[in-house]
Amino acid sequence: MTAACALAGRCGGCPWIDRPLEAQRAHRVEALRRAWQQAGLDPAALAALPLHPAGDLGLRDRADLSLRRDGAALTIGLRSLDGAELVDLPTCPVQSPALAAAYAHLRADPPPLLTRAGLRLRVGPQGQRGLWLDAANAELKALLDEGAWLSRLLDQGVVLEAGQKHKRVLPGEAGRPRLGRPEVAPWSLTRLGAGTTPVFTAVSGFTQPGMAANLVLVDAVRGAARASGARRWLELGAGAGNLTLMLAGEGWQVAAVELDPVARQGLLAGARAAGCEDRIRLARGNLQRVDEALAAEAAQAEGLLVDPPRSGLGALVPTLALLPADRLPPAIVHVSCWTESFAADTARLLDLGYLLERIEGVDQFPHTPQAEWVALLRRG
């Protein structure tokens, strides 16, 4: 089974879109085996590795695009496979129906005046539309002064944000919109017990690209967390609470570490909406340096949940090494979207005395080389 795309072989967004999904999954598993061996790990651990299909075939509810204007010529799309050009994207087969409709609206009525911009377009659980414009300050000011285009989108109910400070675009006087403080709203869904609950973030904030695929990932993480037996958790890189709310929904206590203030705002809003504020507290810690405060938090936890950026666990392993072996968290659930750092970091955790109990994958990003990996490790 493949997805039909007129830009296959040109657009860098889905470099594997012309390959059957079954072949893509086999390549991802083989890539993990190679990274596993490079890290000096036992390949027997991957003998029966499941790679779960993503919900709705991984259709996206969020698109990160680039805009370029050269005179009268306007291009909205993604970089080419070789990175040499911006490929215009009239339609995209991996967009959900709601996102495809929002994208068609954007292309029919694109932003004026901007010559270079990044665009984050998304739809939420109720079909609401959001757009973040990231461009030079002078061009964003010109767009605010022009007023008509932004006002038109605001009248249509589109949630707008602008600039690196993620400011909300609000109606202003005399048809001239103004910038306000960042605001969070429900832009994704996560698990809460037998149902779901909204994840609050800014339009420009991070979420997984597709809501249905995200629920498959959260289910995999929840399965590993349940298997660990831990009830008191430390979560690193909690973001807007995608996994935090799931943990608290199980009735467990969670100390959540997140540096970004807007993400923390979203996490607290999501906790209020889910009715689990009493099971979540914000904690201090930094993955980028050896951190005694983080080590102290880890010493109090029964389970450590970490979902790092592509670069991996950073200074977490030397931070944990500050603790005597009997004060290390008994269980670690390690989530990663980057195969190479996942394997290397797993090897570092095993060097601390942990044992790998289970590992599985989620085909979170069909048509690309990457997957989400979820591992449960226990202290030996």
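## Exercises on a predicted model

A search of the whole structure finds two aromatic pairs. The model is predicted: local features need pLDDT of at least 70, side-chain atom pairs count only at pLDDT 80 or more, and totals for chains, interfaces and linings use all residues. Residues are numbered from 1 along each chain as its sequence is written, and side-chain values use heavy atoms, with hydrogens and water left out.

**Exercise 1.** Classify the ring pair of Trp-36 and Phe-342, and state which helices hold the two residues.

*Solution.* 
- Step 1. Rings of Phe, Tyr and Trp (its six-membered ring) pair if their centres lie within 6.5 Å; planes under 30 degrees apart are stacked, over 60 edge-to-face, and the rest tilted.
- Step 2. The centres of the Trp-36 and Phe-342 rings are 6.2 Å apart and the planes stand at 35°, so this pair is tilted.
- Step 3. Trp-36 is in helix H1 (residues 21-38) and Phe-342 in helix H10 (residues 339-351), so the pair ties together parts 306 residues apart in sequence. Helices here are DSSP runs (H or I, at least four residues), numbered from the N terminus.
- Step 4. Trp-36 and Phe-342 are both buried, where buried means under 20% relative accessible area (1.4 Å probe, protein chains only).

**Exercise 2.** Find how many disulfides the structure holds, and check Cys-92.

*Solution.* 
- Step 1. A disulfide needs a pair of cysteine sulfur atoms within 2.5 Å.
- Step 2. The closest cysteine sulfur to that of Cys-92 belongs to Cys-14, 5.6 Å away, which is too far for a bond.
- Step 3. The count for the structure is zero disulfides.
- Step 4. Cys-92 counts as buried at 19% relative accessibility, and Cys-276 counts as buried at 0%.

**Exercise 3.** Describe the surroundings of Asp-345.

*Solution.* 
- Step 1. Asp-345 is placed in helix H10.
- Step 2. With a relative accessible area of 5%, Asp-345 is buried.
- Step 3. Leaving aside residues up to four places away in sequence, Asp-345 touches Gly-312, Leu-313 and His-334; contact means heavy atoms within 4.5 Å.
- Step 4. Between Asp-345 and His-334 the C-alpha to C-alpha distance is 9.1 Å, and the two are 11 residues apart in sequence.

**Exercise 4.** Compare the span of helix H5 with the expected value.

*Solution.* 
- Step 1. The expected span is 1.5 Å times one less than the number of residues.
- Step 2. Helix H5 (residues 211-228) has 18 residues and reaches 26 Å from first C-alpha to last, close to the 26 Å expected.
- Step 3. Buried residues in H5 include Met-211, Leu-215 and Ser-228.

Technical notes:
Buried means under 20% relative accessible area, exposed over 50%, partly exposed in between (1.4 Å probe, protein chains only).
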